[in-house]
Amino acid sequence: MAKVMKKKVGKMKVKKGKKVKKRQETNGDSSGEMQEETEDFTAVSGAVRYDDDDGEEEDLNPEISADEEEANEEDERKRNKLVQAISSMGGGHRSTRLEERSEAVIQVSEFGVNAVGEGSKIELSDLIPTATKKAQKQIETLQRGRKTLDTPLSRQETERIHRDIAFQKVSDEVSKWKSVIKQNQRAEQLLFPLNQEPSGPKPMEHVVTAWKARTPLEQEIFALLNANKQPIHNPVLTPAEEESIKAMSLEEAKIRRAELQKSRALQSYYEAKARRERKIKSKKYHKVHNKAKRKEMLKQFDEMVKTNPEAALEELKKLEMARMQERMSLKHQNSGKWAKSKAIMAKYDEDARKAMQQQLELNKDLTQKVVTALNNDEEEDNEEEEGTEEVLPDFVNDAEKAENVANPWMRGKLTEEEQEEEKISMMVDEAVVIEESSEEEEEVNEEEALLREFENRRQRRKEEENQMADQDEEEEEDVVAEDELSEFTSIIRGLKEKPEELIVDNSMPLVEGLTRIQTFEDAENLDLEMSENIKDDVTEIVQLEETTKEPSPKKAKKRKRNIELKEVLTKEAKVVNVPLKFTTEEAEEEDLEDEIHQRGLIKEAFAGDDVVSDFLKEKRKQEAAGKPKVIDLTLPGWGEWGGLGLKPSKNKRRKFRIKTGPVVQRKDSKLPEVIMSEQRDKSITPHQVSSLPFPFDNHTQFESTIRCPLGRTWNSEKTVKKVTQAKVVTQLGAIIEPMGREELKKSQQNASHQKSQSQTATNQKKAQPERRKKQAQKRKKHRE
Amino acid sequence: MKVKVLSRNPDDYVRETKYDIQRVPRNYDPSLHPFEVNREYTRALNATKLERVFAKPFLASLDGHRDGVNCMAKHSTRLSSLLSGSCDGELKIWNLTKRECVRTIQAHEGFVRGIVVRFCGTSFFTVGDDKTIKQWKIQSPEYGEEEEPLNTILGKTVFTGLDHHRQEGVFATCGQQVDIWDEQRSSPIRSFTWGVDSFSSVRFNPVETELLASCASDRSIVLYDMREATPLKKVVMTMRSNTLCWNPMEAYYFTCANEDYNLYTYDMRNLEQPVTVHMDHVSAVLDVDFSPTGKEFVSASFDKTIRIFPKDGGHSREVYHTKRMQHVICIKWSADNKYILSGMEIFLLFSDPQLTHREREAINYSQKLKEKFQHHPQIKRIAHHRHLPKTVYHQSKELRVMREARRRKERNVRKHSKPGSVPVVTEREKHVVTVVK
């Protein structure tokens, strides 16, 4: 059909072309008419002159008669032209009329001589110059649209076209099934008959909604029930009844709604607030926040002491419990995984150090003895008495507290380490020397400190016991409250700056004996001092170094914190000269050289390895491996004396030495450049696959499929089920209808639904074979 | 609120009988279960052997026709009935479960050429050599009632084939031309001709129900659309096709049984070359029928064998024959995908009685094992071994030799001629002469 259409179009084109030409001609005629006329006249005049010339020529020419005839004809022609010119001047109308007149002459003219058939017709083009522009356009379009009908195609051809079109239509229609067919081909399992209802329990809604009244009686009943709005499925209450139950008075409802609204608003408000607060990252804010909270708590506690001493007591007991638990547990002792990791990081990281310190502080706070006011007094006294004896400060209690780093007596082990590291990082010999000495000292110190600590504790315990006894006897209820308070304050005192001032009013002035008060500020100050000290040291070192080398000031600054590669590495690195890669420009310039160079490079690259000798070695190895070996099965001490220095007798050794059969000549023994494996087992080959089967690309693929077991001995029930499921499942006694159109719709629906899920599915599929491979590898390893 | 409820298949945890063993959790440590490939290989080998041992496909033969069976039809709604027409014009309806004839009708004079059951299963049509189309009730006449057709249409020429539309009361016949008939009218609503030839069979597409295809005696297969006035396309092959069958699950594929011992599966959109050439028969293939799942088809041949081909496989996976079986003219695959019915002998396809869950699982497992180790020579040998009648065996051998010789010659010609002058023609391209639009 298309072809035919083309043909038509082609024809049309040709016609149009012709028309255009014609039009041009006619236009030319019309426009250049006047010119032509003048030309004609000149031609005529010329011709007259020409005649004379001819006459002259006649003399020269022998063929006169022929010439005469020619001249006659020419005359005739000229005359005709003239007549034409005149007639055309006269206008078209006449000529048209003239055409009617018919005589037995070919050309009939107005003047009775002859007239030409041409030009007698009125061409549209003749009218154009006279017509208006609009009319001109109309005429043009009319001319363009003019068509003659084609001859009808032959029956065969038309039928062919019809067939072609029909086939196209049908094949398009049929192609709709492509997706369904592809889907089914790819499906892991196909269940027939199609459109089966899924087995297993159906959801309740389906069952209920699917049930319909079928028999006329049922229908009648249901019509009645529906009309009366009677409940059908759950015949307990009619909707009207339900409504009446639900109803409540308007006021009540309003109140309730208001309440609900209020509570909801409040809730949302609090939630929003909490969320906002939680989001704040500033530590300072939280610090301040916590402080404020603590203050609040303290106030409450104060009030509680006044109003409800029992509750306060309970609160205190809780605190005591917390202390006990803390002492029992390893929490906050810097012994956990987190703490260890932090300890590693602490060398380099300020934050890590701080975090550890905080942990330790927490521990300290929790484990600190709850000191009562009475105790304090006595303790103070004791301390005063013993103060002279115990010169050493009790840093042992807070051995792990690392705030005051500058003082070697005041720091625990961890901080010491830190300093060590810092020192190491400085890599100064002097420092190392000092450090070594300090370490020795420190060891001694530690031992002493431990001893002292034990002593201290023992003393304290005794005192406490004494105090308890005293308390029981002397002071009772009144004092208890005060004690508690003081206890409480002593707990918080680590965190607060001036707890004493607050509590002074209520109780005796608290003076800490054994426990030490320390604030963050102190610690920070100490840190600052420390860092200043270090800085001084460093600057000194730098100055020292500057004498030898001249590093930039920036480097010096860096050195304070980080480890310098140069300092850590003891050996100097060798400078290796590597041939640089050739650039393309060079290659262009020197092709030949490059080639030679390439060869040289290859030679260089393989200069070290001798391929031939390697091969020979390999072969020798194989041969050695293949040779029969002597197996010695002698066990010393069996059938004779055994022991040190005793060897089993020759006789025995001979007896238990097993020699395998005679040496079989290798297949490649006479082929020096070939290694032929002797491992091929002839007895197994008939059971092995000799060539790669069709769907597989390489042997590893095939082997991996063979390696994965399918049975339930090796796989879980679920995987076995999945792996062994049949590709096509049919039901016994169920007719499998051919695919219907509904399947097409279903697949179209599925396609859109599956697009979203396809990604996850593919991921899962990818994951599965990997898992299997892993399993197989594991199994292989086991066997090996 | 979304409530998720546990729902399990009781098959997974309930014992079949109380004597059955309880499910016990297992240790899947691979070191505890060594030699998995070897063990599975033996299992696969045993499974293939057992399959061959228990493969007894022949179920029963239905005796009763006094002449050869020329055509058969499955009942569209009942699995147990089968209709068969013989060369003496007799038609029998069989009950397959009881394996007995239910009803006998003297339907035509001369051959019964075609039978088809209406989609609703209440009546059926027959065509015969006496130029008539007859419509019959499926129900046997009551006592005293005469055995008479519901309708009889007298045609101008002999009808050779018949098929019914799947959803509408329209059927098609073929003979000198392909006619489409309305059940209510006595003249065809449409008749297609394309040149002068006779048609041997016509089949409606079961999926795109308005399409038909027919095999003509001028070695061509013609496609039609019931709604169009002209046929759609025609493919001319080297030899004549006897019958064809559309794939019931894949709308645009059909397979034709050819005289040149092969079957060809075509994509109707591209008739230039078949999608697959199925070869194994050693004589003309007379009939073909697709399995209702559309995965396989069965073919009957003049060489007295029946073969089952996978729809996209070049060679058959199964061959059936019996001693008393003659040229198999017609073949049908039962609608439940379980049986094959051939010119009056029934073959059980899959021995698939009511299996218990565990039996089914075991079968599935052994099936998978067979599949996994199918390339291993020992297993392959056993699985592929079939006993064939002597003639078929030798003829197939002969054919193989001939084919090889032809191939060799072609190769030699190609070798000794100007490169490119003897193009390589694939097996698929060989058999199509032209496609006429």
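1. Lys and Arg count as positive here and Asp and Glu as negative, while His and the chain ends are left out. The place of a charge is taken as NZ of Lys, CZ of Arg, CG of Asp or CD of Glu. Patches are built from residues with over 30% relative accessible area and no salt bridge, joining like charges within 9 Å and nonpolar side chains (Val, Leu, Ile, Met, Phe, Trp, Tyr) within 5 Å. Keep in mind that this is a predicted model, where local features need pLDDT of at least 70 and side-chain atom pairs count only at pLDDT 80 or more, though totals for chains, interfaces and linings use all residues. For bookkeeping, residues are numbered from 1 along each chain as its sequence is written, chains are lettered from A and ligands numbered from 1 in the order in which they are written, and side-chain values use heavy atoms, without hydrogens or water.

2. On to the positive patch. On the surface of chain A, A:Lys283, A:Lys284, A:Lys287, A:Lys291, A:Lys295, A:Lys299 and A:Lys354 gather into a patch of positive charge. Helix α13 (residues 283-307) gives the most to this patch, with six residues. Helices (H or I, at least four residues) and strands (E, at least two) are DSSP runs, numbered from the N terminus. A:Lys287 sits in α13, and it counts as exposed because its relative accessible area is 54%. The scale used is buried under 20% relative accessible area, exposed over 50% and partly exposed in between (1.4 Å probe, protein chains only).

3. Chain A also has a nonpolar surface patch, made by A:Ile631, A:Leu633, A:Phe656 and A:Ile658 and covering about 330 Å². Areas come from the Shrake-Rupley method with a 1.4 Å probe, and for residues only the protein chains shown count as cover. A:Phe656 belongs to helix α28 (residues 650-656); its relative accessibility is 35%, so it is classed as partly exposed.

4. Have a look at the backbone, too. The peptide bond from A:Phe192 to A:Pro193 is cis, with omega near -5 degrees. A:Pro193 is in the loop between β1 (190-191) and α9 (204-210) of chain A.

5. Chain B has some backbone angles to check as well. B:Lys131 has a positive phi of about 60 degrees although it is not a glycine, and it lies in the loop between β7 (123-128) and β8 (132-137). B:Tyr261, also not a glycine, has a positive phi near 75 degrees and is found in the loop between β19 (253-258) and β20 (262-267). Both are partly exposed, B:Lys131 at 34% relative accessible area and B:Tyr261 at 29%.

6. Now the salt bridges. Side chains of opposite charge can pair when their charged atoms come close. The rule used is a side-chain nitrogen of Lys or Arg within 4 Å of a carboxyl oxygen of Asp or Glu, and by that rule the count over all chains is 37. In chain A, A:Arg155 and A:Glu159 form one of them (3.5 Å, N to O). Both lie in helix α7 (residues 155-175), four residues apart, about one turn of the helix. A:Arg155 is exposed at 61% relative accessibility, whereas A:Glu159 is partly exposed at 26%.

7. A salt bridge in chain B joins B:Glu90 and B:Arg66 (2.5 Å, N to O). This pair links distant parts of the chain, with B:Glu90 in strand β4 (residues 90-95) and B:Arg66 in the loop between β1 (58-61) and β2 (69-74), 24 residues apart. B:Glu90 is buried at 4% relative accessibility, but B:Arg66 is exposed at 65%.

8. B:Lys430 and B:Glu427 also pair, their closest N and O atoms being 3.4 Å apart. Both lie in helix α6 (residues 427-430), three residues apart, about one turn of the helix. Elsewhere, salt bridges that share partners join B:Glu296, B:Arg317, B:Glu318 and B:Arg386 into one network.
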